[in-house]
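Trainee: I would like a close look at the aromatic ring contacts in this model. Please take them one by one and give the cut-offs behind each term.

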Amino acid sequence: MAVHRSVLDLIGNTPIVDVSELTTNRRVRLLAKLEGQNPAGSVKDRIARSMIEAAEADGTLTPGRTIVEPSSGNTGIALAMVARIRGYPLKVVLPGNVSAARRPMLEGFGAEIIPSPAEEGSNGAIRLALRLADENPDWVLLHQYANEANPRVHYETTGPEILRDVPDITHFVAGLGTSGTLMGVGTYLREHRPDVSILAVEPPAGELVEGLRNVDDGYIPPVYEKWGGPELLDGRRIVRPRESIECTRRLADECGIFAGISTGAALAGALRVAERLDSDEEAVIVFIVCDAGWKYLSTCLLYTSDAADEGLGVDLGGRRII
């Protein structure tokens, strides 16, 4: 096994696992790309390194400057890891409705947490980060929702990895958050396999699936518009929080893959695609397992039978989802 110069060299080239047993459609191969295998535990490791390197290259980020970024957790954790290695102070604007397990990881990497109101969710964190960056011109806002390095790294790495490992892919399914994964991977796949269907998964407007957003909730990520999201996507699948939890549990129970709730939503969307195919249609569906489940352990019912079997809600920082 090779010896790597830095843990940052371990970002990317994540494995893909066959989880076809989760679908009743025997004509479908269902494949999970395990982004939780990245060193800080999520797909956001890719964009954290990419955004910092791009800011260094264009002179925006120089030694001693402070990074500020709004995040529901994964991007903040990934940035905290990269920033700690590169020597940059980091301030993460974190909504009060995210799972508590993310805070110790951020603090462990040395990030300062700036709380934003739970009731305002990720949109409120974005507004606060923009205001703080404006008030503190010596701070650098990388702004994952608008940063070209976000979709670009998925176009240059995640998309090629998927096509390399699954050349017969017919459908790509991922959650809609910043939209960087969908835009970057989707654009690459569409260029090389024009017949591939690109599908987004999002919660209903006003409902919470941590790490995802509905574009009708008042904030459309600039990268979604710049990369032609409405034209690129073949559809948007609405998945409710309860269904996301059930699929998260199925992935752990039946496949041994310990993932977060937004992965459950992506799986639910992929299963829906499989169910709605024509009876004689074969398909190879790849979906993104965007992070590992340890960041959700504070939502104590997520991986137990009580949540679904007894109809109980799961507490996510003051909001209950059922």
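Mentor: What follows covers the aromatic pairs and then the charges placed over rings.

The model is predicted, so local features need pLDDT of at least 70 and side-chain atom pairs count only at pLDDT 80 or more, while totals for chains, interfaces and linings use all residues. Residues are numbered from 1 along each chain as its sequence is written, and side-chain values use heavy atoms, with hydrogens and water left out.

The structure holds two aromatic pairs. Rings of Phe, Tyr and Trp (its six-membered ring) pair if their centres lie within 6.5 Å; planes under 30 degrees apart count as stacked, over 60 as edge-to-face and the rest as tilted. Y155 and Y188 are edge-to-face, at 5.7 Å centre to centre with 80° between the planes. Y155 sits in helix 5 (residues 149-165) and Y188 in helix 6 (residues 180-192), 33 residues apart; helices are DSSP runs of H or I, at least four residues, numbered from the N terminus. Y188 counts as buried because its relative accessibility is 14%, where buried means under 20% relative accessible area (1.4 Å probe, protein chains only).

Y155 also pairs edge-to-face with W227, at 6.3 Å centre to centre and 65° between the planes. W227 lies in the loop between helix 7 (222-226) and helix 8 (229-232), so this pair ties together parts that are 72 residues apart in sequence. W227 is buried too, at 13% relative accessibility.

R152 lies over the face of Y155, 5.4 Å from the ring centre; the criterion is NZ of Lys or CZ of Arg within 6 Å of the ring centre and within 35 degrees of the ring normal. K295 lies over the face of W294, at 4.4 Å from the ring centre.

How values were computed:
Helix = DSSP H or I, 4+ residues; strand = E, 2+ residues; numbered from the N terminus. Buried < 20%, exposed > 50% of the residue type's maximum accessible area, 1.4 Å probe, protein only.
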